[in-house]
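Here's a quick briefing to read alongside the model. Have the sequence and the 3D view open before you start.

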Amino acid sequence: MGKPLGTTGEFFRRRDEWRKHPMLTNQFRHAFPGLGIAVVAFSIYCVGEFAYNKMSAPSHSTSSAAASHSH
């Protein structure tokens, strides 16, 4: 492995063990697998649907609006 740590290196290694504890590492990424990809896919779907609805919306002409509101 290398040369021995000695008393000072051993002291600091024990002091830093808490940083590697499983509760403190990034576990949220593993808690919901595929969530990031799903959020990106849903966002792309929403943007695409919004753009499609804007492009395919019926034109608002005054003659059709007046004909629909007449009695």
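Predicted model: local features only at pLDDT ≥ 70, side-chain atom pairs only at ≥ 80, totals over all residues.

Residues are numbered from 1 along each chain as its sequence is written, and side-chain values use heavy atoms, with hydrogens and water left out.

**Confidence**
- The chain's mean pLDDT (the predictor's confidence in each residue, from 0 to 100) is 76, and 62% of its residues reach 70 or more.
- Helix α3 has the highest mean pLDDT of the elements, at 95, while α4 (residues 62–69) has the lowest, at 54.

**Fold**
- The chain has four helices and zero strands (DSSP runs numbered from the N terminus: H or I of at least four residues for helices, E of at least two for strands).
- Of the 71 residues, 0% count as buried (under 20% relative accessible area; exposed is over 50%, partly exposed in between, with a 1.4 Å probe and protein chains only).

**Annotated segment**
- UniProt's unreviewed entry puts a "transmembrane region" at residues 31–52; such annotations may be inferred rather than shown by experiment.
- That stretch, residues 31–52, is 86% helix and 0% strand, with its end C-alpha atoms 35 Å apart.

**Around Val-39**
- Val-39 sits in helix α3 (residues 35–55).
- Val-39 counts as partly exposed because its relative accessibility is 45%.
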